[in-house]
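Student: I would like to learn how to read the features of a model such as this one, starting from the fold and ending with single side chains. Could we go through them in that order?

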Amino acid sequence: MRMATNLALDDALIRAAQQVGGHRTKKAAVTAALEEYVKRRKQLELEGLFGTIEYDEGYDHKRGRHR
């Protein structure tokens with residue numbers, strides 16, 4: 001879904017994002033930044049699960065690959 005949005009963004013920050021990301025347009029830089037932000041937040045959610053999930057120590061993951 002796309003929506004038209006007017007935002008007051010820091011021009012210097014946008015130019016820096018365009019430069020380091022190799023983006024030709026402001027839209028491309030903002031889209032890439034948002035995608036990266038969402039991906040990182042999802043990774044942080046997963047990291048929060050470490051140590052909280054019980055697992056079967058006898059499970060052979062390699063055997064399951066050959067089914």
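The dialogue below takes up the chain, its pockets and a few residues.

Tutor: Before anything else, keep in mind that this is a predicted model, in which local features need pLDDT of at least 70 and side-chain atom pairs count only at pLDDT 80 or more, while totals for chains, interfaces and linings use all residues. Residues are numbered from 1 along each chain as its sequence is written, and side-chain values use heavy atoms, with hydrogens and water left out.

Student: Which elements does the chain have, and in what order do they run from the N terminus?

Tutor: Helices (H or I, at least four residues) and strands (E, at least two) are taken as DSSP runs and numbered from the N terminus. In this chain there are three helices and zero strands, and the order from the N terminus is α-α-α. The helices are α1, residues 11-21, α2, residues 26-47, and α3, residues 61-64.

Student: How does the radius of gyration of the chain stand against that of a compact globule?

Tutor: The radius of gyration is taken over C-alpha atoms, and the globule rule is 2.2 Å times the number of residues to the power 0.38. For 67 residues a compact globule would come near 11 Å, but this chain has 20 Å. Along its principal axes, the C-alpha trace spans about 55 × 25 × 25 Å. As for burial, where buried means under 20% relative accessible area, exposed over 50% and partly exposed in between (1.4 Å probe, protein chains only), 4% of the 67 residues count as buried.

Student: What is the volume of the largest pocket, and which residues lie nearest its centre?

Tutor: The search uses a 1 Å grid over the protein atoms alone: a cavity is a set of points where a 1.4 Å probe fits but cannot get out, whereas a pocket is an open set with protein on both sides within 12 Å along at least five of seven lines, and lining residues have an atom within 4 Å of a point. Grid points are joined across faces, edges and corners, and a volume is the space filled by probe spheres set on the points. The largest pocket here holds about 470 Å³, and of its 14 lining residues M3, T5, L7, K27 and V30 lie nearest the centre. The elements giving two or more residues to that lining are α1 and α2, with α2 giving the most, five residues.

Student: How do the lining residues divide by class, and what lines the second largest pocket?

Tutor: Ala, Val, Leu, Ile, Met, Phe, Trp, Tyr, Cys and Pro count as nonpolar, Asp, Glu, Lys and Arg as charged, and the others, Gly among them, as polar. The lining of the largest pocket has eight nonpolar, two polar and four charged residues. The second largest pocket, of about 150 Å³, is lined by L9, D10, L13, I14, A17, A29, V30, A33 and L34, which by class are eight nonpolar, no polar and one charged. Again α2 gives the most to this lining, here with four residues.

Student: Where is D10, and which backbone atom does its side chain reach?

Tutor: A polar contact is a pair of N or O atoms within 3.5 Å; within protein, one must be able to donate a hydrogen and the other to accept it, and residues adjacent in sequence count only if both atoms are side-chain atoms. D10 is in the segment before α1 and is partly exposed, at 47% relative accessible area. At the start of α1, a side-chain oxygen of D10 comes to within 2.9 Å of the backbone nitrogen of A12. After the helix comes G22, whose phi is positive, near 70°.

Student: Is Q18 buried or exposed, and what does it touch?

Tutor: Q18, in helix α1, is buried, because its relative accessible area is 15%. With contact meaning heavy atoms within 4.5 Å, Q18 touches H23, R24, T25, K26 and A29, not counting residues up to four places away in sequence. A polar atom of the Q18 side chain lies 3.4 Å from the backbone oxygen of R24.

Student: Where is T52, and how far is it from A17?

Tutor: T52 is in the loop between α2 and α3 and counts as exposed, at 54% relative accessibility. Its side chain reaches the backbone oxygen of L49 at 2.5 Å. T52 and A17 are 35 residues apart in sequence and 37 Å apart in space, C-alpha to C-alpha.
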